[in-house]
Amino acid sequence: MSWQPVDCHAHTTMSDGALSVEGVIERARSHGVRPSVADHISRDIAKGIKSLDEVRRYLDTLEQYDVLRGGEFCWHDNLWRELPEDLVRRFSHRIGSLHAITLADGTRVHAFSRRVPADLTVDAYMDAHLATFEQFAREMPVDILAHPTLVTMPFRTRDVGELWTEAREEQMVAALADAGIAFEISARYPPHERLVRRAVERGVRISLGSDGHTAQQMADLSRPLALARALCVPDAELYDPTRHGSKTQALLHHART
Ligand SMILES: [Zn+2]
Ligand SMILES: [Zn+2]
């Protein structure tokens, strides 16, 4: 079979998506994409998977289908730290998300909150974002950083150059390279080209994700794939858990031997 991109990031009704697992597989087939399911596994997502028993049932369900078994874990929620090895091993790949960051004074700012502290400047927020990100990259055993350019809602309309200085971009790609975490080109929160180029030039692996929640979004990787190709990333180098393995599996293997 000819090469097909993998949609490493997609949601079903097991968290906050609109489609069943069959629905995800069907949409992926129609787009010529290999499907995976990566539902929210977090106590801080309203419709997320919130307990070890639920994680077990989620994996049991996915194992009944020809689909890659991912999961999207919030860095700021501790559920990922509590997963026993027998559950970790059943994931084909794991995604980490900065759905909240911590300011220098300890205040938590959520990506989806409509308000930030009145005196918070963009620079202070972004510096805290990068500091949180660096801690994430050091500590969280994931394969992919989801939507790397997602920032809190009140700052999303800011100019990209104000948010992402070259120094911050450097900081991000260096930490991803050191940690061996892939950079996701998200169809839902498209990153700006300069940052992706910097990641590619630094040798960071690129992952494609629709972050699909609806039938319309599901498995549509046309824009992420076009950007990866425009930056001369060979198709076969795009992150594919079956081909490139999972950091988690490598860590577990390392721990056993
Ligand atoms: Zn997310
Ligand atoms: Zn997601």
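Colleague: Let us start with α8. Which of its residues are buried?

Modeller: This is a predicted model. In α8, which covers residues 193–201, the buried residues are Leu195, Val196 and Ala199. Seen down the helix axis, these buried residues fall within an arc of 100°, so they line one face of α8.

Colleague: Why would residues three or four places apart point the same way?

Modeller: An α-helix has 3.6 residues a turn, so residues with that spacing point the same way.

Colleague: And what is exposed on the other side of α8?

Modeller: Glu193 and Glu201 are exposed there.

Colleague: Which residue follows α8, and what is its phi?

Modeller: Glycine 203 follows the helix, and its phi is positive, near 85°.

Colleague: Now to β7. How many of its residues are buried?

Modeller: Five of its five residues are buried, so the strand counts as mostly covered.

Colleague: Which residues lie on each side of β7?

Modeller: Ala182, Glu184 and Ser186 are on one side, with Phe183 and Ile185 on the other. Both faces of β7 are covered, and a glutamate, Glu184, is among the buried residues. In general, side chains in a regular strand alternate between the two faces of the sheet.

Colleague: How many bridges join β7 to β6, and how many to β8?

Modeller: Two bridges join β7 to β6 (residues 144–145), and these strands run parallel. Four bridges join β7 to β8, and that pair also runs parallel.

Colleague: Where does phenylalanine 183 come into this pairing?

Modeller: Phenylalanine 183 is the bridge partner of leucine 145, and it also stands opposite isoleucine 206 in β8. From β7 the chain crosses through α8 to β8, and this β-α-β crossover is right-handed.

Colleague: Changing topic to the whole protein: how many helices and strands are there?

Modeller: There are eleven helices and eight strands.

Colleague: What share of the residues is buried?

Modeller: Buried residues make up 44% of the 257.

Colleague: And what share of the contacts joins residues at least 24 apart?

Modeller: Among contacts between residues at least 6 apart in sequence, the share is 75%.

Conventions
Residues numbered from 1 in each chain as written. Chains lettered and ligands numbered in written order. Predicted model: local features only at pLDDT ≥ 70, side-chain atom pairs only at ≥ 80, totals over all residues. Buried ≥ 20, exposed ≤ 12 C-beta atoms within 10 Å, placed from the backbone. Arc of directions from axis to C-beta. Contact = placed C-beta atoms within 7 Å. Pairing = 2+ DSSP bridges. Right-handed = clockwise from strand over helix to strand, strands pointing away.
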